[in-house]
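Here are my notes on the model you sent over. Have it open while you read.

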Amino acid sequence: MSVNPLAPSWLSHPDDANELAATVWSQNAARSDEGELVIAGVTTSELVSRFGTPAYVVDEADARSRAVAIRESFDAAFASVGSSAKVYYAGKAFLSIQVARWMLDAGLNIDVCSGGELAVALAAGAEGSRLGFHGNNKSLDEIDRAVSVGIGAIVIDSIVEIERVADAALRHGVVQPVRLRINSGVHASTHEYLATAREDQKFGIPLADAAAVVALIRSRDSLRFLGLHSHIGSQIFESEGFAEAARRLFAVHAELLAGGPVPELNLGGGFGIAYTSVDEALPVEEIATRFAEIVSSGAAALGIPVPVVAIEPGRAIIGPSTTTLYTVGTIKDVLVSDAVSTGAAGDGDAVRKYVSVDGGMSDNVRPALYGADYSVRIANRASQADAALVRVAGKHCESGDIVVHADYLPGDVTPGDILAIPATGAYCWSLASNYNYLGRPPVIAVRNGEARVIVRRETEADLLGRDTGLES
Ligand SMILES: Cc1ncc(COP(=O)(O)O)c(C=O)c1O
């Protein structure tokens, strides 16, 4: 076994580069006896021959069961402290009509952030009361539509929105429930959190201004104040950041009770998932228990009732469910000079194997946007060839067009092989683009050996459809 010096320190050389780490792959992904990747009973060869590549393949039972598990865990944990929980699925992670229905079936509410996301949730048959509406710059039309469909909660993000939402509610003759988004000064990511007096970001109202802004909300008869909201970040593996945000919000929440009811507290989303074998996501039961402890002890310390707690996970529900399939087109072994500094010319050189696939940053921009890491396996076969360090690149005109910065694949990976990238359910399709005029891939739902298209592939006609040049 030779260790490539270009491998990042967290990535270990695998004993078996065909293995599917259970923490990273969707629950129903496995290899067949022949070595092919099979997802929920559907083989890679069937998926590729029927739907082509690139394609997002979503393990429906996986997504549904995560949604149910998170709701049940929060229901149980908050019932045990004499309260209840409301789980919103954060639609920005990935929303389609089918996915919205899976979430509603699982008993979740849905959080939307634009008129478009609202339209999808409504098209799925969601009642307005099961939706929440976020955004730092909602248009007047978006607010109007949200109020007109009886949306369950609008999260007010700035002072000017108070009047906009109140006026829309008056026009529609309703009393609109609202939350107030707070910039708590806590920002968390992965294992660390940062706590400042005030975070330098566009979302929410500073904690110090909360009481005055809630008074403005309460001064409008067409608004009903539900409570404060905070979202501290994404891909969080530790609960301490949530605890700090809750402590900060709670102090204000308690003060606000003097001026009227504050039935709820919304702690946002951001629970981390495993993208690589070194990521360890917290089990949802543990997150729920910890949240209930944080909130109930905070309430006890202040002598106030435990509020209903709302959460808004997206990634933790849909992220692990989806695998993206690509076809390998070209492979290059690129000599990287002085990958290790030895002092002697040429001694520290290493080879990086670039494996290029038929998609890239247009279907998964996270590696380019955030330096996100993913893992990769050959899907159409297993191989006993020695593992080689690879970088999976896309086909776009950007050198930063990387899908997987570093992982090991069997060294005999070859053009025509199908590569599978797990944990691509969140913020991949929803952030997809048509860069270089690539049509966006389809989303295929697989369940009990059956595959069906839930969002079709974009065609050349779709790509040309909005260009008026052909008409002139
Ligand atoms: C306000 C809010 N709630 C919930 C989420 C969902 O986060 P995640 O998908 O990481 O759970 C986000 C993500 O950006 C958000 O901004």
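**Notes on the predicted model**

1. The largest nonpolar core holds 109 residues, and those with the most contacts inside it are Phe 74, Tyr 89, Leu 180, Leu 228 and Leu 419. Helix α8 (residues 240-256) gives the most to this core, at nine residues. A nonpolar core here is a set of buried Ala, Val, Leu, Ile, Met, Phe, Trp, Tyr and Cys residues joined through side-chain atoms within 4.5 Å. Apart from it there is another core of 20 residues, including Leu 37 and Ala 274.

2. A word on ground rules: this is a predicted model, with local features needing pLDDT of at least 70 and side-chain atom pairs pLDDT 80 or more, while totals for chains, interfaces and linings use all residues. Numbering starts from 1 along each chain as its sequence is written, and side-chain values use heavy atoms, leaving out hydrogens and water.

3. Take a look at strand β17 (residues 322-336). Strand β18 (residues 350-357) runs antiparallel to β17, joined by eight bridges, and Thr 330 stands opposite Ser 356 there. β17 also has four bridges to antiparallel β22 (residues 418-421), where Thr 327 faces Ile 418. Strands pair if DSSP finds at least two bridges between them; helices (H or I, at least four residues) and strands (E, at least two) are DSSP runs numbered from the N terminus.

4. Is Ser 375 buried or exposed? It counts as buried because its relative accessibility is 11%; the cut-offs are under 20% for buried, over 50% for exposed and partly exposed in between (1.4 Å probe, protein chains only). The Ser 375 side chain reaches the backbone oxygen of Tyr 275 at 2.6 Å.

Technical notes. A polar contact is a pair of N or O atoms within 3.5 Å; within protein, one must be able to donate a hydrogen and the other to accept it, and residues adjacent in sequence count only if both atoms are side-chain atoms.
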